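I opened the model to look up a few local features and kept notes as I went. The entries follow in the order I made them.

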Amino acid sequence: MPFARITVLIAVAVFGVSCRSGPPPAIDPTLAVCVPPGAVAVAGVRLGGLRASPLYQQLPPAALAFLEPLREAGSLLAASNGKDFVALARGSFRQAPSGATLLGPGLAAIGSPDWLRAAAAQHRSGAAGASALLERAEPLAAANEIWMVAAGSATLPVSGNGENLNRLLHTTQYATLTVRLTNTIALNVAGMCGNPDNARHLEETIRAFITLGAAGSARQPAVAGLLRRIRLSREDRTVHLTLSAEPAELTPFFKAF
């Protein structure tokens, strides 16, 4: 066999092995391809890791009720345009979970009617519709059981004091949230701003909210204690908020909010 042909065959074989040896995507491609193009926020949960964590028993009843029909699922991916939403799950579903629609074998979706239709159409197209957000989220999903990425233009469906979250989000280009579940809960929130001045303003505003929140929770010492343990830092255009807590410490926080 000519040397040139042998060289080509070896190169093809090495290339094939190297392509197969890389780690699989952290975000399930089957779920990712269902995200409609209008998404301004995406979030994911490794359900197996969450169920195995002590945090699972501390979740509020509404969260447990939502997750119960998805007990056969291994991963969850949610997306929203600020008004409509869809939550997608992969699992060994023999039939659609309660309140869900099957978009394909083992692929369940729950959400707003318009976005259920959009997710089904996106699934049929075979192309991810929110690639920029999902690409930004990929390294977060690889290292954390819970994560979220939101564009700074997003308006989350919150009310009351929760509207302050939107005001903070709108001062950023985008924001991320991650939760790592071990014996403790490691929370990390980052806001990426357009310039250092905006980042400085964001840091000062968050610090004021934390101070006011701790003072206003004087009758709930557990919540006030958690707020005082939050660590806030700024690096150029990025503001970081971190908190480490025991799972049981979050119970009064869930009740308060």
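**Entry 1: helix 5**

Which exposed residues does the face of helix 5 turned away from its buried side carry? I found Pro113, Arg117 and Arg124 there. I note at the start that this is a predicted model.

I then listed the buried residues of helix 5: Trp115, Leu116, Ala119, Ala120 and Gln122. They sit on the same side of the helix, because they cover an arc of only 165° around the axis. I looked for what covers these buried residues and found that the cover includes strand 2 (73-80), strand 3 (85-91), strand 4 (101-104) and strand 5 (107-111).

I checked the length of helix 5 as well. The helix has 13 residues and reaches 19 Å from its first C-alpha to its last. That is close to the 18 Å expected at 1.5 Å a residue. Just after helix 5, I saw that Gly126 takes a positive phi of about 80°.

I looked up the charged pair Asp114 and Arg117, whose side chains meet in a salt bridge at 2.4 Å, N to O. Both residues lie in helix 5 (residues 113-125), 3 residues apart, which I logged as about one turn of the helix. Asp114 counts as partly exposed because its relative accessibility is 45%. Arg117 has 53%, so it counts as exposed.

**Entry 2: salt bridges elsewhere**

How many salt bridges are there by the rule I used? The count comes to 9.

I took Glu203 and Arg207 next. They form a salt bridge, with the closest N and O atoms 2.9 Å apart. The two residues are separated by about one helical turn, because they are 4 residues apart in helix 8 (residues 196-216). Is Glu203 buried or exposed? I read 11% relative accessibility for Glu203, so it counts as buried. Arg207 counts as partly exposed, at 40%. I also recorded that Glu203, Arg207 and Arg234 are linked in a network of salt bridges.

The next pair was Arg229 and Glu249, whose side chains meet in a salt bridge at 2.6 Å, N to O. This pair links distant parts of the chain, 20 residues apart. I placed Arg229 in the loop between helix 9 (221-228) and strand 9 (231-235). Glu249 is in the loop between strand 10 (238-245) and helix 10 (251-256). Arg229 is partly exposed, with a relative accessible area of 33%, and Glu249 counts as partly exposed at 27%.

**Entry 3: cysteines**

How many disulfides does the structure hold? I found 0. Cys34 is buried, with a relative accessible area of 0%. Cys193 also counts as buried, at 0% relative accessibility.

**Entry 4: Val42**

I ended on Val42, which I placed in strand 1 (residues 41-46). Val42 counts as buried because its relative accessibility is 1%, and the cut-off for buried is under 20%.

What is Val42 in contact with, leaving aside its neighbours within four places in sequence? I listed Val35, Ala78, Ala79, Leu133, Leu134, Trp147, Met148 and Val149. I also took the distance from Val42 to Ala87: the two are 45 residues apart in sequence and 9.6 Å apart in space, C-alpha to C-alpha.

Definitions and conventions:
Residues numbered from 1 in each chain as written. Predicted model: local features only at pLDDT ≥ 70, side-chain atom pairs only at ≥ 80, totals over all residues. Heavy atoms only, no water. Buried < 20%, exposed > 50% of the residue type's maximum accessible area, 1.4 Å probe, protein only. Contact = heavy atoms within 4.5 Å. Salt bridge = Lys/Arg side-chain N within 4 Å of Asp/Glu carboxyl O. Disulfide = S-S within 2.5 Å. Expected span 1.5 Å × (residues − 1). Arc of directions from axis to C-beta.
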